[in-house]
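Morning, everyone. Please bring up the sequence and the model on your screens, and we will walk through the model together.

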Amino acid sequence: MLAELEKAIGLKFNNKDLLRSACIHRSYLNEHPEESLPHNERLEFLGDSVLGFVVSEYLYKNYPTHPEGDLTNFRSSIVNAKTLAETAKKLNLGKFLLLSKGEEATGGRERQYLLANTFEALLGAVYLDGGIDRAVHLIGRELLPQLDKIISHKLYRDFKSLLQEKTQEKINVTPIYRVLEEKGPDHSRIFRVGVYAESKKLSEGEGRSKQEAEQEAAKEALAKL
């Protein structure tokens, strides 16, 4: 399994345990107490920070005329669950996940946030095994080309602002956002947010922060208006 995964991601690991641990979902350990390695949440925590740093440094160096607000929007357009899950699917990471039978039966291998978290765990493992240069290589190969396309085509738009403009123009109402659900461990919360025009719910969105969930909800609402 690990050799096939190394081939899929195009990297060889010195410490194979790190690679295996990146694939272990918490649920797997409940059914396999004999497993000696930990689940991937600590690696995910580390990978999230590595990803944020690498993308931020890239933006700072390559877009010197843009203000902080633009750089934040650029980063959010790529460091989000949807994009990371799509990248994980491209690498076929779902195939290598170690899940409980219940998690597998409910579609865990295709679940967006599980895939996004696994990609971050993989980044954490790559960083620990080979240092920042290896992590930069993986991010540069899989994510940064998408980022340049997003910026050049202006796909990083602030959907909340666009929705507010449209609702004020059409019905003279400012949209309101409400958190409908929070789930997941403290370091990797998933938020489900609804966006409302007065008492009418326009749409919902999910994200790993309230801001990301609000943006997704606004994006979905705009598509319906």
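G194 stands opposite E204 in strand 3. Before I go on, this is a predicted model: local features need pLDDT of at least 70, side-chain atom pairs count only at pLDDT 80 or more, and totals for chains, interfaces and linings use all residues. Residues are numbered from 1 along each chain as its sequence is written, and side-chain values use heavy atoms, with hydrogens and water left out.

Back to the strands. Helices (H or I, at least four residues) and strands (E, at least two) are DSSP runs, numbered from the N terminus. Two strands pair if DSSP finds at least two bridges between them. Strand 2 and strand 3 pair in the antiparallel sense over seven bridges. Their hairpin has two residues between the strands, and E198 there takes a positive phi near 60°.

Now the other partner of strand 2. Strand 1 covers residues 176-183 and strand 2 covers residues 190-197. Strand 1 and strand 2 pair in the antiparallel sense, over seven bridges. Y177 stands opposite V195 in strand 2. These two strands also form a hairpin, with six residues between them. G184, in that turn, has a positive phi of about 95°. One general point: in a regular strand the side chains alternate between the two faces of the sheet.

Next, charges. A salt bridge is a side-chain nitrogen of Lys or Arg within 4 Å of a carboxyl oxygen of Asp or Glu. How many salt bridges does the structure hold? It holds 16.

Take R192 and E204. Their side chains meet in a salt bridge, 3.0 Å from N to O. The pair links distant parts of the chain: R192 is in strand 2, E204 is in strand 3 (residues 200-207), and they are 12 residues apart. For accessibility, buried means under 20% relative accessible area, exposed means over 50%, and partly exposed is in between, with a 1.4 Å probe and protein chains only. R192 has a relative accessible area of 23%, so it is partly exposed. E204 is at 29%, so it also counts as partly exposed.

E204 has another partner. The side chains of K201 and E204 meet in a salt bridge at 2.5 Å, N to O. K201 counts as partly exposed because its relative accessibility is 41%. Salt bridges that share partners join E181, R192, K201 and E204 into one network.

Elsewhere, R141 and E142 meet in a salt bridge of 2.7 Å, N to O. Which of the two is buried, and which is partly exposed? R141 is at 30% relative accessibility, so it counts as partly exposed. E142 is buried because its relative accessible area is 7%.

Now the domains. Bounds come from an automatic or database domain assignment. For this protein chain, the assignment gives domain 1 (1-153) and domain 2 (159-223). The contact takes 11 residues from domain 1 and nine residues from domain 2. Here, contact means heavy atoms within 4.5 Å. The C-alpha centres of the two domains lie 26 Å apart.

How much area do domain 1 and domain 2 bury between them? About 870 Å², with 45% of it on carbon and sulfur atoms. Buried area is the accessible area (1.4 Å probe) that two parts lose on being put together, summed over both. E41, K82 and Y113 supply 52% of the area that domain 1 buries against domain 2, more than any other three residues.

The count between domain 1 and domain 2 is one salt bridge. Helix 4 (41-62), helix 6 (81-90) and helix 8 each supply at least two residues of the side of domain 1 that touches domain 2. R208 forms a salt bridge with E120, the closest N and O atoms being 2.7 Å apart.

Last, Y113. This residue is found in helix 8 (residues 112-130). Is Y113 buried or exposed? Its relative accessible area is 6%, so Y113 is buried. Leaving aside neighbours within four places in sequence, Y113 is in contact with A81, I190, E206, G207 and R208. Y113 and N80 are 33 residues apart in sequence, and 9.5 Å apart in space, C-alpha to C-alpha.
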